[in-house]
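Let's take a friendly walk through one protein fold.

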Amino acid sequence: MSTQPILIDNVAFAKRGERLAGSLSLEDCPRLAELLGSQASDSSASLADKNSSKDNSVIHFTINGETNAAGQHFLHLTLNATLNTYCQRCLEQMPLNLNLNFDYLINEIDAGDSDVAYVEDNDDYDIQEPSQAMDLQRLVEDEVIMATPIAPTHEGHCAQLAMQSGEKPNPFAVLKGLIKS
Ligand SMILES: [Zn+2]
């Protein structure tokens, strides 16, 4: 069961200095689920299907609103995600931990010249347009998708490859045999 979308009035949220925390599963993030599924090999994908009820990917998020003395509205988003990915080198299932922080300035994207100049001068903030129904779930999913490597791999040696490396098989041996015959 998917949870209801989490919609916030982002300007009011920032004005009131509100804070909201929650967590999402892959069922709440179909596009992310599709991305992670596409990284699974055929064999591991079928395995994942069998174990789909055991998928323990989870995204915890906290969002804080802030309005500064100049009346600018900000959102600060913190994400802690554990995703079930597949190492693209050994194709074993591999948990991926993401700890992300984002700062958004709420501003009209097509605002006047002076505002645009301010935005261009400031590399510290991403821009969110003012919205009375900003989809927080979609924002979280978008950020996690962008932070997920296209081809995640184990850091250092893969356990499977490390085991095989003792045998030092020559991958070209088969090829040579083919060329000779
Ligand atoms: Zn690996």
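## Leu136 and its contacts

Which residues does Leu136 touch, leaving aside those up to four places away in sequence? They are Ile6, Ile8 and Ile63. Keep in mind that you are looking at a predicted model.

## The nonpolar core

Leu136 also belongs to the largest nonpolar core, which has 23 residues. Together with Ile59, Phe61, Leu75, Leu79, Val140 and Val144, Leu136 is among those touching the most other members. At least two core residues come from each of α1 (10-15), α2 (30-38), β3 (58-67), β4 (73-86), β5 (93-106) and α5 (136-147). The largest share, five residues, is supplied by β4.

## The sheet

Now for the strands. Strands of a sheet pair through backbone hydrogen bonds, either parallel or antiparallel. Here, five strands make an open sheet with mixed pairing, in the order β2-β3-β4-β5-β6. At the edges sit β2 (19-25) and β6 (126-128), each pairing on one side only. On average, neighbouring strands are turned by 30 degrees against each other, ignoring direction.

Take β3 and β4 as an example: they run antiparallel and are joined by 10 bridges. Thr67 has His73 in β4 as its bridge partner. The helix α5 packs on the sheet, where it touches β2, β3, β4 and β5. The direction of α5 makes about 125 degrees with that of β5.

Most residues other than glycine have a negative phi. Leu91 is not a glycine, yet its phi is positive, at about 65 degrees. You can find Leu91 in the loop between β4 and β5.

Is Leu91 buried or partly exposed? Leu91 counts as partly exposed because it has 16 C-beta neighbours inside 10 Å, and being buried takes 20 or more.

Technical notes. Residues are numbered from 1 along each chain as its sequence is written. This is a predicted model: local features need pLDDT of at least 70, side-chain atom pairs count only at pLDDT 80 or more; totals for chains, interfaces and linings use all residues. A nonpolar core is a set of buried Ala, Val, Leu, Ile, Met, Phe, Trp, Tyr and Cys residues joined through C-beta atoms within 7 Å. A residue is buried if 20 or more other C-beta atoms lie within 10 Å of its own, exposed if 12 or fewer, and partly exposed in between; C-beta atoms are placed from the backbone. Helices (H or I, at least four residues) and strands (E, at least two) are DSSP runs, numbered from the N terminus. Two residues are in contact if their C-beta atoms, placed from the backbone, lie within 7 Å. Two strands pair if DSSP finds at least two bridges between them. Axes are lines fitted to C-alpha atoms, for helices over the stretch in contact, and angles run from 0 to 180 degrees between N-to-C directions.
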